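Let's walk through this structure together, starting with its aromatic rings. Have a look at it first, then read on.

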Amino acid sequence: FEQDLEEALCSDTSGYFRRLLVSLLTAGREPDEGVDYGRAEEDAKKFFEAGEARWGTEEAELNAILCLRSRSQLAATFYEFEKLADKTIEESIKDECGGDLQEGYLAIVVVVVVVLVVVAVVVVVVAIAAVALTTTTTIS
């Protein structure tokens, strides 16, 4: 284990998949500090133009969006993309990319969606517990 992780990734991968992994490794993702809905619309349009609206795919643009934006910003971008493209971001990735790169992009999407679902479930559970505590206290 004397090899640097980035060096190991670069020696074992190539092309856009290597770029995706190195981008993720650099941990340049923005912090979750709210959502800029105008930026989500812009990124959805960039994502659309980099894939659906052209012959071939502009992977560098997709990497920049998927690797740098916060999870909440990506969720808003995925929503805006679906309105624009009339298909989900997952469907677009499956149509536009293949192999390891497709799997990498889809893994990012899954993480974003799963984290949002978990957060939503926690919020609902906390709200239900608060109502139950309030009701129990009121009855006593």
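Predicted model: local features only at pLDDT ≥ 70, side-chain atom pairs only at ≥ 80, totals over all residues.

Rings of Phe, Tyr and Trp (its six-membered ring) pair if their centres lie within 6.5 Å; planes under 30 degrees apart count as stacked, over 60 as edge-to-face and the rest as tilted. By that rule, there are two aromatic pairs here. Phe47 and Phe81 make an edge-to-face pair, with 5.5 Å from centre to centre and 75 degrees between the planes. Since Phe47 sits in helix α3 (residues 37–50) and Phe81 in helix α5 (residues 71–85), the pair ties together parts that are 34 residues apart in sequence. Helices here are DSSP runs (H or I, at least four residues), numbered from the N terminus, while strands are E runs of at least two.

Phe48 and Phe81 form a tilted pair, at 6.4 Å centre to centre and 55 degrees between the planes. So ring pairs link Phe47, Phe48 and Phe81 into a cluster. Both Phe47 and Phe81 are buried, where buried means under 20% relative accessible area, exposed over 50%, and partly exposed in between (1.4 Å probe, protein chains only). Phe48 is partly exposed, at 23%.

Residues are numbered from 1 along each chain as its sequence is written, and side-chain values use heavy atoms, leaving out hydrogens and water.

Next, find Ala107 in helix α7 (residues 99–139). Ala107 is partly exposed, with a relative accessible area of 41%. Its C-alpha atom is 14 Å from that of Leu62, 45 residues away along the chain.
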